[in-house]
Amino acid sequence: MQKNNWYILYALPAVILVTALIALPTIFTVLFSFTEWQRFNITGFGTLRHYARALKDLTLGKAFVHNFLYILFTIFLEVGAGLILAGLVNHLKHSIVYRGLFFSPLILPSIVVGVLWRQIYAAEGGLLNTIIIALGGKAVSWLDQPYTMISVSIVSGWLFAGYFMTIFYSGLSRISRSVIESAIIDGATPFQVYTKIELPLIKNLIMLSLLIVTTGGFKGFDLFQIMLRRDPMESGIVLPTLLVRIFFENQDIGYGSAISMILTAVVVLIMVIISLINKAVGEVEEY
Amino acid sequence: MRSKREETILPHPLLIALLVILLVIYLFPILWMYISSARSMSDFVNNPLGLPDSLHFENYRQAFEMANLGHHLLISAFITIISVLCVTVLSSLAAYSFSRLTYAGKNLLYAFFFIGLILPVQSFLVGMFIEFKVLGLLNTLSSVILPLTALSLPLAILLMKAYFDTLPSSLEDSARIEGASTFQIFYYIIMPISTAIVVTVITFTAVNVWNEFLLPFVMIQTENLKPITTSLYVFSTKHSAQLTLKLAALTIIATPMFIVYFVFQKQIQEGITAGALKE
């Protein structure tokens, strides 16, 4: 290994970009959340007003509830479905064909997915209601309350089930053959092998997936914005769409920054909690 | 020894039948998009579930013109090419230094890139907007290219470094004895044998940048400068009633993505899932 402090120049352009476009703007946002603003002009610093306002904001509370519902639904529709799909193609020859197809919706830009599913869910002339009416049912407003969150979550599941299937499959394919063969010789059915032996061995990947879904549940913006648009009834408002609304429609920089920080705190907190749980569970098993 | 078949969770014929049924349901929305995009409006409204009475390929031409797709596709292509170029060059240089060179503060700098993997865009979106406003970058393509490059760098560096770490050091030693400079080793020895990882980084960065919605939605309000994603958003809100044309526009955007996906399936899956697996 060559040592020379000038070698830092190789990394410097990347470091400068990440500093200027991620690190600094994050620090700015922290400072802005304690700043008094008149539209785009600073009029004072050191206020906690924005955070006090957040505590009493009913719309923010609504957004939190929606985010939690979204996470709850997507744990089943993304991770749960991913586990089932991975189990189905596990040990199957040519499983790459099925995995490739289940993964394929994720390649589409969110604008295509959002506009397409908005059309599928449309109350009048939508694909879903056409099928329901043909089967003798009644038309439903899928993007209005009380269905909004489950409808958006289903689209999320449609996008990401194949993603988690791929993650789980890559873990399953690394399990040593001898473990599986000895279980089969002992008389275990393939279903028992999957649930009792293989799934515990990819426990880390399942925990990681829960982490991705829970933190991702607070970041999702595209589908909500594209499928619900301005959402005047706030039937599907979530933290990221609320942030964009406060900042860009109301041009409330101070309050928008505070919402940013609350969102960041929640995401980081979840990461810490899940990694602590993961560590605790790992330690228990060592006994 | 049992045959490979019997290890699957269900007996073979049953399993294949189940998977095929699941896939048909799963991919039906996409199939429906393709079928409906070639129907006339009146035919579609009569029965959204039906097959076309005749194929209306003029829908695609009409959608292409109405949504000005050619112009916005060019903008997306420009943003993607510049961002991918910057990401590839900057990440390979940085990863090379993290993997093969030694200098003061190296580990600290490497750890610094992880903040980019952890923080959600929402943590710095407001600060970035004001920064760009002050610098006069709002409503320019730079306001999208710069952050997309910066956001793609951490994962690209992580993947490249992991790959460079697996290369034997004997490669460089002999070149060094013959008097090759550090940069020459990077350019003539390391990069040529790393095409596999470079292709992975290029494909998934290109897909991510091409598909990006939030940043141009926030940064670019000038209609003429919008990439395909946010211009289609405006088109779909303006022409809500033109359902078949809307679906035709979606089809035009989706088809090349599927082609790219089926050509680069391995690299795209690797790149998109690597973000999760390397954490």
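**View 1. The two domains of chain B.** Domain bounds here come from an automatic or database domain assignment. For chain B of this predicted model, that assignment gives domain 1 (4–61) and domain 2 (68–238). The C-alpha centres of these two domains of chain B are 36 Å apart. As for conventions, residues are numbered from 1 along each chain as its sequence is written, while chains are lettered from A and ligands numbered from 1 in the order in which they are written. Because the model is predicted, local features need pLDDT of at least 70 and side-chain atom pairs count only at pLDDT 80 or more, whereas totals for chains, interfaces and linings use all residues.

**View 2. The outline of chain B.** Along the principal axes, the C-alpha atoms of chain B fill a box of roughly 75 × 70 × 35 Å. You will find 15 helices and 1 strand in chain B, given as DSSP runs (helices H or I, at least four residues; strands E, at least two) numbered from the N terminus.

**View 3. Helix 7 of chain B and its end.** Helix 7 covers residues 125–135 of chain B, and its buried residues include B:Leu125, B:Met128 and B:Phe132. Buried means that 20 or more other C-beta atoms lie within 10 Å of a residue's own, exposed means 12 or fewer, and partly exposed is in between, with C-beta atoms placed from the backbone. After helix 7 of chain B comes B:Gly136, with a positive phi near 75°.

**View 4. B:Gly50 in its loop.** Look for B:Gly50 in the loop between helix 2 (41–46) and helix 3 (58–66) of chain B. B:Gly50 counts as partly exposed because 13 other C-beta atoms lie within 10 Å. From B:Gly50 to B:Gly127 it is 77 residues in sequence and 49 Å in space, C-alpha to C-alpha.

View 5. Opposite A:Trp37 stands A:Ile42 in strand 3 of chain A. The hairpin has 2 residues between its strands, and A:Arg39 takes a positive phi near 50° there.

Terms used
Two strands pair if DSSP finds at least two bridges between them.
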